[in-house]
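Hello, and welcome to this one. Please have a look at the model below, and then walk through a few points with me.

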Amino acid sequence: MESMVSRYSHLLLFLSFAVVSLQPSLVRSGDAEVLLSLKSSIDPFNSLQWRRGTDFCNWDGVKECMNGRVTKLVLEYLHLTGTLDPKILNRLDQLRVLSFKSNSISGPVPDLSGLINLKSLFLSNNNFSGDFPKPITGLHRLKVIVLAANSLTGDIPPSLLKLNRLYVLYLQDNRFTGTIPPLNQTSLGFFNVSNNQLSGQIPVTPALIRFNSSSFSGNLELCGEQVRNQCAISPAYPTVRKSKSNRSKLIKIIASSVGGFVLLLLILGFLIFFIGFRGRRKEGLPVARSEGIRPIGGGEGTTAETGKAYGMGGNNGGKEGGFSWEGEGLGTLVFLGAGDQQMNYSLEDLLKASAETLGRGTMGSTYKAVMESGYIVTVKRLKDSRYPRMEEFRRQVEILGRLRHPNLVPLRAYFQAKEERLLVYDYFPNGSLFSLIHGTRTTGGGKPLHWTSCLKIAEDLATGLLYIHQNPGLTHGDLKSSNVLLGSDFESCLTDYGLSSFCDPDSVEEASATSLFYRAPECRDIRKPPTQPADVHSFGVLLLELLTGKTPFQDLVQEHGSDIPKWVRCVREEETDSGDDPASSNDASQEKLQALLNIAMACVSLAPDNRPVMREVLKMIRDARAEAHVSSNSSDHSPGRWSDTVLSLPREEHSSI
């Protein structure tokens, strides 16, 4: 009897191992069958050349897989028709990106509530009808919703406010009715509800006041400042019937009161205008002056300093406060990208804004500009306003301005004149990765982050850097922790990318000390143009900074050589011994840290040809993170270390850029 039980238990153990070992192939087969079912329902013209027995991760439109699951499905311009079956799509529950853009799919937008990992949804330029798909507002990771150019009707649901990470909302060219919900997400960077049948007042929220009339046009019943249609004001009190004599007395009293009040308002208005005019000449962003431009406050410090900058000055054809510029069409703020044309501010608004110096570097000075409307942007004022030539500068800026990715700080607009070059970016109030790792004056010194945090940050940075490298000839050129800003959801976003082409190689200064230690050996001479392998090296140094909590102000490769892994482990052990416990000491944690360390070591290889390309780096990081999710059954913020870290930061701290 005992031998039978023993044999039975061995059989169960064997079967359990067999099921586990077969699980990846079963999963792969499962997603393949789902895709084939999808094809049979929407591909009558056989545009998708999908075949059983082949690796579906290489099928057309399957842009990305992770652990044998589809994570990015992009089926665009393929003449797909029919309707989408939610039972089919919801089985692809690892999707991060789903796009059916520019097809002929009809029917209602399906219930996609099963796609719990979805971040981007593109369904524009189809024949979808029915109401807004409310179930998607429960997908807490969703950042991008593009439903433009369909036949959708009904209200835009207020439940959109639940999407704390919402970055793009494009609903134009539909038939939506009702009012616009009071969206207040600070992350909202692109918004368009034009050419619908919306009505009522445009909500006055910080998220919506930044967009101009192009985001709201074509809705005849909308009112608000953006569409230059004043909203009717309902009476605040009921009308009371009076006798004729009482009515005349009341009219006289009201008339005299109103007359006195109007006179008082005129006097106050004149005083406010006079004071404001004087104030505007003393405050604002630094602009061209005939004797040179320099912000008040002096010094070349890298920490944020508050102070007022010189206002407009000089003499331009006898008109005080003007600019001097060459050529036509250069006296305005030029917005970049289709979505940026909707921004609701002008050069005048920018120049009247109060300015706070955030930092100074090799490329120039960076300011936080707070406009009179309350909208905040970051303005980088380039040091060299004569190189490259204006046309070349314009072409390069327009290339950078077309880059749009959730892990890039978007370049919104630029201004150039004979003595001035300004770049306008979104403002990120949560500070930089440098502050997160090393602390601030408020939070004190930093320490190594938990391995879950390291993996999340590493994936964000690798994703953004790969996007830059996918554009021919583009590099970041100055990757370092102070050039990584934390978004509204504390995602890591690259800034100052592609600016190295604005440095005059014949008159360039030495690179700052912080930049030098991130640079690859072959690019230590700042006059040499940056390369993509050099970006990979800088990424590796940044990974080591994440793992150790130490600034790379020593040449890691030269100082530690092949002993960098030993040095990293020693640093983390010191933190553990001191009671900080940057990561639990179990074997699983050590494996995750070792995986990141191996990636970093590959990136900082001395020979550029030995470094992996960013696509390979991102795959290694995602594989490590996927294994971490499986082993710990965690989410982005589990086991709480990432949330605890970022919530302890001061929300308005902004490090040098």
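1. How far apart are the sulfur atoms of C57 and C65? They are 2.2 Å apart, and the two cysteines form a disulfide. Keep in mind as you read that this is a predicted model. The torsion about the S-S bond is -105 degrees, and the link of C57 and C65 is left-handed. C57 counts as buried because its relative accessibility is 16%, under the 20% limit. C65, in contrast, is partly exposed, with a relative accessible area of 26%.

2. How many disulfides does the structure hold? There are two. Besides the link of C57 and C65, a disulfide joins C223 to C231, with 2.0 Å from S to S. Here the angle about the S-S bond is 105 degrees, and the link is right-handed. Both C223 and C231 are buried. Counting the bonded cysteines along the chain, the pattern is 1-2, 3-4. In case the term is new to you, a disulfide is a covalent bond between the sulfur atoms of two cysteines.

3. Next, some parallel pairing. Strand β10 (residues 175-178) pairs with strand β12 (residues 197-201) in the parallel sense, over two bridges. T177 stands opposite Q197 in β12. β12 also pairs with strand β13 (residues 221-223), again in the parallel sense, and this time over three bridges. Within that pairing, S199 has E221 in β13 as its bridge partner.

4. Now to an open sheet. In which order do its six strands run? The order is β16-β20-β21-β19-β18-β17, with antiparallel pairing. The edges are β16 (334-335) and β17 (354-360), each of which pairs on one side only. Helix α5 (residues 390-401) packs on this sheet, where it touches β19 (376-382), β20 and β21. The direction of α5 makes about 175 degrees with that of β20.

5. Stay with that sheet for one of its pairings. Strand β20 (residues 411-417) and strand β21 (residues 420-426) are joined in the antiparallel sense by six bridges. Among the paired residues, A417 has E420 in β21 as its bridge partner. As background when you look at strands, side chains in a regular strand alternate between the two faces of the sheet.

6. Is helix α7 mostly covered or mostly open? It is mostly covered: 19 of its 19 residues are buried.

7. C454 counts as buried because its relative accessibility is 0%. C493 also counts as buried, with a relative accessibility of 1%.

8. Last, a serine. S538 lies in helix α9 (residues 532-548). Why does S538 count as buried? Its relative accessibility is 7%, and buried means under 20%. Which residues does S538 touch, leaving aside those up to four places away in sequence? Its contacts are L479, Y518 and R519.

Technical notes:
Residues are numbered from 1 along each chain as its sequence is written. This is a predicted model: local features need pLDDT of at least 70, side-chain atom pairs count only at pLDDT 80 or more; totals for chains, interfaces and linings use all residues. Side-chain values use heavy atoms; hydrogens and water are left out. Helices (H or I, at least four residues) and strands (E, at least two) are DSSP runs, numbered from the N terminus. Buried means under 20% relative accessible area, exposed over 50%, partly exposed in between (1.4 Å probe, protein chains only). Contact means heavy atoms within 4.5 Å. Two strands pair if DSSP finds at least two bridges between them. Axes are lines fitted to C-alpha atoms, for helices over the stretch in contact, and angles run from 0 to 180 degrees between N-to-C directions. A disulfide is a pair of cysteine sulfur atoms within 2.5 Å.
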